Amino acid sequence: YLWLLSREERAGDDADLSLVDLRPHHFEAATDTYHLTTMHDDIHVGALVQYMHRFSGMYNTVSQVAYFHDPVYQRRRAPMTCEALAAEGRNAADALPVLQQLYPELRLFHEDVDFRSLPQDRWCWVHAPGRVWLASPGPARRFLWNPSPVALLAHYVGQRAGPARMTRPPASPPL
């Protein structure tokens, strides 16, 4: 975590909301991923790795860690609209599962990953409790940070498409 904090770069605040055309079915499809991601966010930094070492061979999912450290842990209620996400969202991790519905090529890695194993040829999300980074491809990897995941997404789309062609994905048909 400290290693990531020491290498992060602030991404611009130019969040283009037209990049995010979220519909109710995106929220519904992201519910399971939302619960897993927010469990990763609700445990303290290092808890997952500590549990994996302490109970070697018995780790299967982050829910074990969440309930080990807080036996009365209750999952967050998943937001089902953009308004609910804005009202209830605590940080960028709350929005990631829904954004992944629009940009599934951006894989999500959590703090327990060996950073040397991140894909070298593509962008990806990196998450540790309370913080989300967008990691660039290549050997000189950059870890971009912004409190708004939409601003990070705008940076990704701008880099992928080039500054003159920042476009959003095709719109989903209305429900």
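Which residues are linked in a network of salt bridges? Asp41, Asp42, Arg76 and Asp94 are. A salt bridge here is a side-chain nitrogen of Lys or Arg within 4 Å of a carboxyl oxygen of Asp or Glu. The legends below begin with the whole chain and return to this network.

This is a predicted model, in which local features need pLDDT of at least 70, side-chain atom pairs count only at pLDDT 80 or more, and totals for chains, interfaces and linings use all residues. Residues are numbered from 1 along each chain as its sequence is written, and side-chain values use heavy atoms, with hydrogens and water left out.

**Figure 1. The whole chain.** The chain has eight helices and five strands. Helices (H or I, at least four residues) and strands (E, at least two) are DSSP runs, numbered from the N terminus. Along the sequence, the pattern reads α-β-α-α-α-α-α-α-β-β-β-β-α. The chain has 175 residues, and 47% of them count as buried. Buried means under 20% relative accessible area, exposed means over 50%, and partly exposed lies in between (1.4 Å probe, protein chains only). The accessible surface comes to about 9500 Å², and 53% of it belongs to carbon and sulfur atoms. Such areas come from the Shrake-Rupley method with a 1.4 Å probe; for residues, only the protein chains shown count as cover. Contact means heavy atoms within 4.5 Å. Among contacts with a separation of 6 or more, 60% are between residues 24 or more positions apart.

Figure 2. Side chains of opposite charge can pair when their charged atoms come close. The structure holds six salt bridges. In one of them, the side chains of Asp42 and Arg76 meet at 2.6 Å, N to O. This pair links distant parts of the chain: Asp42 is in helix H3, and Arg76 is in the loop between helix H5 (62–69) and helix H6 (82–88), 34 residues apart. Asp42 counts as partly exposed because its relative accessible area is 29%. Arg76 is buried, at 11%. Asp94 also meets Arg76 in a salt bridge, at 2.3 Å, N to O. Asp94 lies in the loop between H6 and H7, 18 residues from Arg76. Both Asp94 and Arg76 are buried.

**Figure 3. The Arg142–Glu9 salt bridge.** Here the closest N and O atoms of Arg142 and Glu9 are 3.1 Å apart. The two residues sit 133 residues apart, in distant parts of the chain. Arg142 is in the loop between E4 and strand E5 (143–145), while Glu9 is in strand E1 (residues 8–10). Arg142 is partly exposed, with a relative accessible area of 32%. Glu9 is partly exposed too, at 31%.

**Figure 4. Helix H3.** H3 covers residues 31–42 and includes Thr31. At 1.5 Å a residue, its twelve residues should span 16 Å, and the end C-alpha atoms are 16 Å apart, which agrees. The expected span is 1.5 Å times one less than the number of residues. Buried residues in H3 include Thr31, Tyr34, Thr38 and Asp41. An α-helix has 3.6 residues a turn, so residues three or four places apart point the same way. Thr31 counts as buried because its relative accessible area is 19%. Leaving aside neighbours within four places in sequence, Thr31 is in contact with Ala78 and Met80.

**Figure 5. The nonpolar cores.** A nonpolar core is a set of buried Ala, Val, Leu, Ile, Met, Phe, Trp, Tyr and Cys residues joined through side-chain atoms within 4.5 Å. The largest has 26 residues; among those with the most contacts inside it are Tyr103, Leu106, Trp125 and Leu153. Helix H7 (96–102), strand E4 (131–135) and helix H8 (149–161) each give two or more residues to this core. H8 gives the most, with five. A second, separate core of eleven residues includes Leu4, Phe109, Leu118 and Val126.

Figure 6. Leu153 lies in helix H8. Leu153 is buried, with a relative accessible area of 0%. Its C-alpha atom is separated by 8.9 Å from that of Tyr103, 50 residues away along the chain. Leaving aside neighbours within four places in sequence, the contacts of Leu106 include Trp123, Leu134, Leu153 and Tyr156.
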